[in-house]
Amino acid sequence: MKSISNTPIQKIYNGIYKITLPLRGNKPGPVNSYLLTGKTNTLIDTGTLETVNILNEALAKIGMTFSDIHQIILTHGHVDHFGAAGRIQKYSQSHLEIAANQEDLDLIKYRFEVPMRELLKYYTLMGVPVKFKSSLFLVKAVLKFLSERCKVSRFLSDGDIIQIGDYEANVISTPGHTRGSICLFIKDEGILFSGDHILKHITPNAFVMLETGKVMPERLSQEEYYNSIAMIEKLSPVIVYPAHGEIIEDLLKTTGMFREQYEQRLMNIINILKEGGD
C-alpha cells in the first residue's frame, strides 16, 4: 500500500485509490471514498460537504481535479456518502454522471426515507417520547448542513455491469442498511466495494425501512440484511474495501462476528422481556 505524500490518499491497487475523509463523531469513523482511474474515472462515495475541499486536495496529489471524474457511484443514500456529490457537480466543468439505486432516491433527495410528518407519525405509534421526536428537526438541519442535493442521472439495479476505472463491476443489491444499498464486485480481481453493508470494526445498522403512504414498515430490514450478507458470502471476494474502517481480507470471520453479536443482542432483549426489566 503506497501513501502519497502526507495526504489522506493511498494507492491500494492498480488504478485504485482510497481517500480517507474525516467524519464527525467516533463511529463509524472516517469515510473511505474510492477513486478508480482509467477508462472511466469513478468516485465511489464522496464524504460530506464539510470535507469536499479535502477531497479536492487529495485528487490534486495525483494530478486530478473534479472535472476529470466521469461518474460518482453512491453505495447508499446517507449524507456521509453523497453529501459532497452536489458540490462536485457544480465544480466539474464537464458532464458528471451520478449513479445510485433508485430505492434510495428519496433518501438522497430529502435525507429521510419518508416525509417528516410520516416519520413523526411512526414514532408516535412506537411510543417515542416527545423530546426525542422533536430532536428530528435538529437532525434534519444537521443533515442539510452536511450535504447538498445532487441530481442522480443513472439508476443501478442488481445484476447491472458498470465500468469503473479500467474494470468492469457487477452491481449487487444488498438491502438492509438502507433499502437501496449496493455493493460493487470486480469479479476478475475478487474485489468488493461494500459501502456500509460490511464493516470490520462495527456491526452495521439495519434501519427500519419506512415507505411513503404506509403507516407501518412491511419490509423486514434485519432479515433482508442477513440475506444480503449470505449473498455476498457466496461471491467469495478476496478483499473487501468498506466505506469505513480497515480493509477486510477474511470476510467470513467478519460476517461471523455480525451473527454472533446479533444473537447476543437478541438473547439480551428476550431476557429483559422475560424479567420485565426496563
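The largest share of the lining of the largest cavity, 3 residues, is supplied by strand β12 (helices, H or I with at least four residues, and strands, E with at least two, are DSSP runs numbered from the N terminus). This is a predicted model, in which local features need pLDDT of at least 70 and side-chain atom pairs count only at pLDDT 80 or more, while totals for chains, interfaces and linings use all residues. Residues are numbered from 1 along each chain as its sequence is written, and side-chain values use heavy atoms, with hydrogens and water left out.

To stay with the cavity for a moment, the structure holds 1 cavity of 30 Å³ or more, and the volume of the largest cavity is about 40 Å³. On a 1 Å grid over the protein atoms alone, a cavity is a set of points where a 1.4 Å probe fits but cannot get out, and a pocket is an open set with protein on both sides within 12 Å along at least five of seven lines; lining residues have an atom within 4 Å of a point. Grid points are joined across faces, edges and corners, and a volume is the space filled by probe spheres set on the points. The cavity lining is made up of N32, Y34, I44, D45, T75, F193, S194, G195, Y241, P242 and A243. Two or more of these residues come from each of β4 (31-36), β12 (191-195) and β13 (239-242). By class, the cavity lining divides into 6 nonpolar, 4 polar and 1 charged, where Ala, Val, Leu, Ile, Met, Phe, Trp, Tyr, Cys and Pro count as nonpolar, Asp, Glu, Lys and Arg as charged, and the others, Gly among them, as polar.

Turning to the interior, nonpolar side chains tend to be buried together in soluble globular proteins. Here the largest nonpolar core has 36 residues, and I19, L43, I72, L74 and I88 have the most contacts inside it. A nonpolar core is a set of buried Ala, Val, Leu, Ile, Met, Phe, Trp, Tyr and Cys residues joined through side-chain atoms within 4.5 Å; buried means under 20% relative accessible area, exposed over 50%, and partly exposed in between (1.4 Å probe, protein chains only). At least two residues of this core come from each of β3 (16-21), α1 (52-60), α2 (79-82), α3, β7, α4 (105-110), α5 (116-125) and α6 (130-145). Helix α1 gives the most to the core, with 4 residues. Leaving out residues up to four places away in sequence, L43 touches I19, S33, Y34, L35, L55, I69, Q71, I72, I73 and I88 (contact means heavy atoms within 4.5 Å). Another core, of 20 residues, lies apart from the largest one and has Y34, L36, I73 and A169 among its members.

Several loop residues are also worth a look. T37 and T40 both sit in the loop between β4 and β5 (42-44). T37 is buried, at a relative accessible area of 18%, and T40 is buried at 17%. With neighbours within four places in sequence set aside, T37 is in contact with G15, Y17, M64, G165 and D166, and T40 with H70, Q71, Q163, I164 and G165. S147, in the loop between α6 and β8 (154-155), is buried with a relative accessible area of 4%. Beyond four places in sequence, S147 touches L49, V79, F82, G83 and R111. By contrast, H95, in the loop between α3 (85-91) and β7 (97-100), is exposed, with a relative accessible area of 62%. H95 touches I69 and H70, not counting residues up to four places away in sequence.

Finally, helix α8 (residues 251-275) has 25 residues and reaches 37 Å from its first C-alpha to its last, close to the expected 36 Å; the expected span is 1.5 Å times one less than the number of residues. The buried residues of α8 are L251, T254, T255 and F258, and they pack against α7 (221-235) and β13. Just after α8, G276 takes a positive phi of about 70°.
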